[in-house]
Amino acid sequence: MRNKRSTEDVAMGIRRRVFEHSMRNNGGYLSQACSAAEQLAFLYNEALNLGEPVLPAVPRPFAGVPSADNPDYVTGAGYNGPFEPQYDRLFIAPAHYALVAYATLIETGRMDAEGLEMFNKDGSSVEMIGAEHSPGMEVHNGTLGIGLSTGAGLAFGRKRRGESGQVCVFMSDGEVQEGQTWEAVQAASHHGIDNLWALMDVNDQQCDGAMDSVMEVRDIAAKFRAFGAVCVEIDAHDLNAMRQAKAEPHEGQPLIILARSSPTQGMSFLQKRFPRLHYVRFKSEDERAEMNVSIAAELGIDPIELETH
Amino acid sequence: MVEMVNRPYASAFEAYAVKHPDVLCLSADLTSSCEIDGFRDRHPDQFLSLGMAEQNMMSFAGGLGLAGYRPFLHSFGVFLYRRPYDQLMASVAYPRRKVRLMGFLPGITTPGGMTHQAIEDVAVMRSIPNMSILETGDATEVESICEAADSIDGPVYCRVLRGSVPRLFDSPIKVGEMRELATGADVLVVTSGIATEEALRARDALSKAGVSIRHLHIHTIKPFNEQALLDHIGSVSKGVVVLENHVITGGVGSLVAEIMADNGVGKPLVRLGLNDTYAHGGSRGYLMKHYGLDAGALVRGIERIIGASTGIDEEALASARVEAVHSAVKAEAL
């Protein structure tokens with residue numbers, strides 16, 4: 001089911017879908033779609049070797065947390081295909097990118113569009129902050145910084161079992177402020193875990209605003225290299241650069257691709273909101289209407305029909 | 001004279017792990033302190049050094065669990081939950097990974113002071129959904145802890161004794177059960193871990209003083225056999241005393257209190273342990289006496305229940321084992 005559409009087309013679809021959803025729901029994680037659309041499109045549409053989904057196209061409601069009394073519990077990883085040795089595994093480390101990740105599942109035919117209607121609704125598994133049971137998710141990453149460690153452990157185990165499938169962690173740059181990220185890189189390097197790679201959305205944004213104003217992280221490429229990873233920096237909106245970066249040899253080391261992105265790519269109107277882009281809420285109905293017209297035009301679609309409140 | 005067993009965990013873990021290839025031995029820079037240095041040297045392929053980085057180790061173990069492995073994490077108990085608590089929750093407990101947390105130096109069994117003493121670990125672990133808790137009280141339990149822990153479908157935290165450990169029991173841990181060490185009719189004494197040895201020290205003196213003790217040793221703190229405890233409480237006339245190497249909040253004493261309250265049991269209860277205080281660095285014998293965790297403290301607790309003096313003084317209690325802080329039988333001081 002790969003490559004039915006071009007990755008560029010999928011990326012455009014992700015932006016349009018997240019935009020439409022945010023317009024209808026009075027806000028959302030718009031800037032994450034701007035920065036990460038190409039990255040998630042690249043992962044699902046061409047970079048990852050994933051099998052056919054094994055869960056229903058319309059997500060089931062929340063069916064309880066893992067417990068000894070809940071034997072039928074499953075994670076949302078089935079939307080990424082079955083757990084077979086040859087297939088890759090993907091963790092979405094910044095769980096607040098869930099809306100963008102769900103949009104990607106829809107654009108790549110892994111989930112019905114109806115699934116997004118359940119977003120952030122009580123009793124739904126399509127949660128605002130992606131949980132283990134949310135479509136496309138396999139582990140809880142809502143506490144930022146734990147994703148790469150989990151990926152390293154899974155990759156070590158898969159390598160030990162001789163499985164050919166790789167482990168990919170989609171990350172966000174805010175996570176480099178967490179010490180655990182560096183613990184994970186040094187461990188992956190120390191143990192030669194080279195079936196592990198990460199694609200990091202480096203949009204220089206975090207919840208409080210621009211990262212430099214919150215906590216400077218300096219030259220993270222140099223830091224990743226110093227901790228033992230192979231690190232490549234690219235333009236996050238240049239798919240050919242992304243393809244080349246993925247092909248970078250990294251024998252005996254994890255590969256970290258720093259995808260330097262614009263948090264307003266494809267939705268220039270959001271520049272007016274800079275640097276508070278983490279979660280975009282409309283300040284007024286007028287702003288909402290103005291944004292609707294402006295961004296729709298840039299995305300090449302008609303303005304979204306809004307319900308009157 | 002009680003038999004002393006040197007480093008029971010070292011040989012027990014090795015014997016168990018070599019038979020179970022999906023068991024991996026993880027260490028966070030306390031390899032000899034957790035008695036797995038010999039295993040590391042003889043089975044390097046099954047040993048994984050993760051350095052002094054417990055947060056990564058915890059999530060990494062969650063990833064290994066996803067790959068079908070059953071990692072045994074070795075560190076001091078305190079380092080397995082205080083710093084990596086978030087990772088313990090999200091990467092291990094929530095998804096019910098089969099991660100075995102082998103926590104050494106429980107409570108005041110370390111001279112390392114506050115930073116090294118896991119005094120509230122049971123309280124923390126009891127409150128975590130999906131978590132099981134085992135505690136060893138003698139060499140036989142240490143020898144059986146690996147198999148017991150690995151039988152659990154989900155994560156488990158174990159309080160493990162190390163170094164020179166007395167042999168008090170002749171049967172392995174059976175998860176979910178409790179040991180009935182005396183079947184008297186006046187006072188129920190409930191102990192776990194090293195507190196059990198203290199209770200045994202007081203046994204003869206209490207008997208001579210005419211106090212009939214019913215004594216339970218708890219190795220499985222969660223899950224817990226509530227009905228068995230209620231039956232024992234129903235078999236004594238006076239009340240219950242709990243002694244544990246832990247703060248009295250949230251541990252075995254609290255567990256007993258909750259069960260009594262939940263079931264409307266109106267008998268007196270005395271909870272002994274660290275009473276809302278940190279400890280400091282010192283020898284185990286000194287700390288147990290100073291903080292009221294020893295046989296003498298237990299006798300005073302029993303006197304509160306029966307409302308009378310037993311006349312038992314320190315001399316009447318069997319002598320405590322004395323271990324130097326820097327004993328030769330320990331791998332190292334800490």
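1. Helix 9 of chain B, which spans residues 252–262, has as its buried residues B:Val252, B:Gly253, B:Ser254, B:Leu255 and B:Val256. A residue is called buried here if 20 or more other C-beta atoms lie within 10 Å of its own, exposed if 12 or fewer do, and partly exposed in between, with the C-beta atoms placed from the backbone. Helices (H or I, at least four residues) and strands (E, at least two) are DSSP runs, numbered from the N terminus. Just after helix 9 of chain B, B:Gly264 adopts a positive phi of about 65 degrees.

2. The model is predicted, and local features need pLDDT of at least 70 while side-chain atom pairs count only at pLDDT 80 or more, although totals for chains, interfaces and linings use all residues. Residues are numbered from 1 along each chain as its sequence is written, and chains are lettered from A and ligands numbered from 1 in the order in which they are written.

3. Strand 4 of chain B, residues 70–76, is mostly covered, with six of its seven residues buried. Strand 4 of chain B pairs in the parallel sense with strand 2 (residues 23–27) of chain B over five bridges, where two strands are said to pair if DSSP finds at least two bridges between them. Within this pairing, B:Pro71 of strand 4 has B:Leu24 opposite. Strand 4 of chain B also pairs in the parallel sense, over five bridges, with strand 5 (residues 100–104) of chain B, and there B:Ser75 stands opposite B:Gly103. The chain passes from strand 4 through helix 4 (residues 85–93) to strand 5 of chain B in a right-handed β-α-β crossover; right-handed means that, with the strands pointing away from the viewer, the path from the first strand over the helix to the second runs clockwise.

4. Strand 6 of chain B runs parallel to strand 7 (residues 156–160) of chain B, to which four bridges join it, and B:Tyr157 in strand 7 is the bridge partner of B:Ile133. A right-handed β-α-β unit is made by strand 6, helix 6 (residues 139–150) and strand 7 of chain B. Strand 6 of chain B is also joined by two bridges to strand 12 (residues 220–222) of chain B, in the antiparallel sense, with B:Ile133 opposite B:Lys222.

5. Chain B also has an open sheet of five strands, with the order 9-11-10-13-14 and mixed pairing. Its edge strands are strand 9 (179–183) and strand 14 (269–274) of chain B, each of which pairs on one side only. The twist averages 15 degrees from one strand to the next, with axes taken as lines fitted to C-alpha atoms, for helices over the stretch in contact, and angles running from 0 to 180 degrees between N-to-C directions. Strand 9 and strand 11 (residues 213–218) of chain B run antiparallel and are joined by four bridges, and B:Leu216 in strand 11 is the bridge partner of B:Glu180.

6. For chain B as a whole, there are eleven helices and 14 strands, and 53% of its 334 residues count as buried. A compact globule with 334 residues would have a radius of gyration near 20 Å, and the 19 Å of chain B agrees with this; the radius is taken over C-alpha atoms, and the globule rule is 2.2 Å times the number of residues to the power 0.38. Residues 24 or more positions apart account for 80% of the contacts in chain B with a separation of 6 or more, where a contact means C-beta atoms, placed from the backbone, within 7 Å.

7. Chain A contains ten helices and seven strands. Its radius of gyration of 19 Å is close to the 19 Å that the globule rule gives for 309 residues, so chain A is as compact as a globular protein of that length. Of those 309 residues, 53% count as buried.

8. The contact between the chains takes 22 residues from chain A and 26 residues from chain B. On the side of chain A that touches chain B, helix 5 (147–160) and helix 6 (179–190) of chain A each supply at least two residues, and helix 5 gives the largest share, nine residues.

Definitions and conventions: Two residues are in contact if their C-beta atoms, placed from the backbone, lie within 7 Å.
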